[in-house]
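This report describes a ligand site, a helix and several charged pairs. The sequence and the structure are shown below.

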Amino acid sequence: MADSAGSREDSRAWFTQARFGIFVHWGLYSVHGRDVWSMYNEQTPLDEYRRLADHFVPERFDPAGWAALAKDAGARYMVLCTRQHDGFSLFDSRVSDFTSTRSAAGRDFVAEYVEALRAAGIGVGLYYSLLDWRWSAYFNGPERDPEAWAALREYVHAQVRELCTNYGRIDILWYDGAWPYGPEAWGSAELNAMVRALQPHILINNRSRLPEDYATPEQRIAPAEPGRLWESCMTINDHWGYVPADTNWKSTTQLIHNLVECAHGNGNYLLNVGPDPQGAFPPEAVTRLREMGRWLRANGASVYGTQDARDRRRIGMVHTFPTVKDNTLFTHVLKWPGKELVIGNLASRVQRVRFVATGEPIAFRQEGSRVFLSGMPRYAPDPHDTVIALECDEPPRRLDRHA
Ligand code: GLC
């Protein structure tokens, strides 16, 4: 979390440093375990959908535990869905009675979440869907019934105001669901001006259909143009919400590799988990997060606060992405080659080589732009990604063979 007195510039620097966040999709859709879009896909009438709230009485919701797990995973922030497209708010709202405070749960989960994260020093992110499927105005659009649309927009602005007023400092506002309408329809410019007046340091994503602070490629790693902040959000299995039938968990190695690929392109990785209706993270997710944390504790220097290394691709191993900080090139070895490893295309002079996890030096010799590492273990020291640091005499430069 950035300094509480910090400016928006400080927040941007904090975001780059942070690299890794946890996205949490949790709400009424967790009860039936058929994901966030079930209400739409199954055309569930509102009266029927509302009944899920009678069964949403989480007994294991422990935001301090979530924050501790995030910390153990090496994540620096979390983003919680405060209201998904289904319209159910996990916070108290003067403009809606479809909330966790006015239903069986009787609790303001956003308040508890924010407090726990802040206490743990984890950055506080709030997701908010502009669209709400309960409103026919959303489907009719701003043209057909401008008055009804104005009421929807007023409701949305009021809720965003509540989120930015009632919970103290918020680090990230993560909009979603503006489609198919543009920023004029939602009044996004006014909305975001209000948000910034209330939370001057806040970072806002690009999903109110205005660019704001950062881009949000979804389910893929797609860097924004150099200089622009970005964050790839991705599911840990194949769904955003809790779907017990979905056992297609990404491997820890894959998750680490995704994080490294984001860091290589100077972006963040927002990894999503769908807690069960009681509020517990699925055990398969917990295991993976803890393994990521173990790897990050040993190798975090190659991820946190690294710089844009896109122009350094092809220095190092095939099928991995080097990361860079100042004069150091980090080679991420996913497929351990055995006792010797060759790194080509490096125009800078290497001064020292070491394993990042242990600091143990590695013997090397450099012939022009080729670096030969020798005397290494036969088997991979780290099954996920062994990171080797090459300290150079300048910020590592790639040999440009096209010149
Ligand atoms: C899509 C889905 C939404 C989900 C989001 C996460 O926009 O519609 O439910 O929260 O992806 O990025």
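Helix H1 spans residues 8-18, and Ser11, Trp14, Phe15, Thr16 and Ala18 are buried in it. Buried denotes under 20% relative accessible area, exposed over 50%, and partly exposed in between, with a 1.4 Å probe and protein chains only. Helices (H or I, at least four residues) and strands (E, at least two) are DSSP runs, numbered from the N terminus. The model is predicted: local features need pLDDT of at least 70, side-chain atom pairs count only at pLDDT 80 or more, and totals for chains, interfaces and linings use all residues. Residues are numbered from 1 along each chain as its sequence is written, and side-chain values use heavy atoms, with hydrogens and water left out.

At the start of H1, the backbone nitrogen of Glu9 has a side-chain oxygen of Ser7 within 3.3 Å. Just after H1, Arg19 adopts a positive phi of about 65°.

**Salt bridges**

A salt bridge is a side-chain nitrogen of Lys or Arg within 4 Å of a carboxyl oxygen of Asp or Glu. By this rule the model has 21 salt bridges. Three of them are tabulated here.

| Pair | N to O distance |
|---|---|
| Glu9 and Arg12 | 3.8 Å |
| Arg50 and Asp97 | 3.5 Å |
| Glu112 and Arg107 | 2.8 Å |

Side chains of opposite charge can pair when their charged atoms come close. Glu9 and Arg12 are separated by about one helical turn, because they are three residues apart in helix H1. An α-helix has 3.6 residues a turn, so residues three or four places apart point the same way. Glu9 is exposed, with a relative accessible area of 54%.

Arg50 and Asp97 form a salt bridge with their closest N and O atoms 3.5 Å apart. This pair links distant parts of the chain, 47 residues apart: Arg50 belongs to helix H4 (residues 46-50), whereas Asp97 lies in the loop between strand E2 (77-83) and helix H6 (109-120). Arg50 is partly exposed at 31% relative accessibility, and Asp97 is partly exposed at 46%.

**Ligand site**

The ligand is surrounded by 14 residues, the closest being His25, Trp37, Gln84, His85 and Asp176; a residue is counted if one of its heavy atoms lies within 4 Å. By class, this shell holds eight nonpolar, three polar and three charged residues. In this classification Ala, Val, Leu, Ile, Met, Phe, Trp, Tyr, Cys and Pro are nonpolar, Asp, Glu, Lys and Arg charged, and the others, Gly among them, polar.

Polar contacts are pairs of N or O atoms within 3.5 Å; within protein, one must be able to donate a hydrogen and the other to accept it, and residues adjacent in sequence count only if both atoms are side-chain atoms. An N or O atom in the side chain of Trp37 is 2.7 Å from a ligand oxygen. For Asp176 the corresponding distance to a ligand oxygen is 3.0 Å, and for a polar side-chain atom of Tyr127 the distance is 3.2 Å. Taken alone, the ligand exposes 310 Å², of which the protein buries 94%. Accessible areas come from the Shrake-Rupley method with a 1.4 Å probe; for residues, only the protein chains shown count as cover.

Trp37 sits in the loop between helix H2 (29-32) and helix H3 (38-41), and is partly exposed, with a relative accessible area of 30%.
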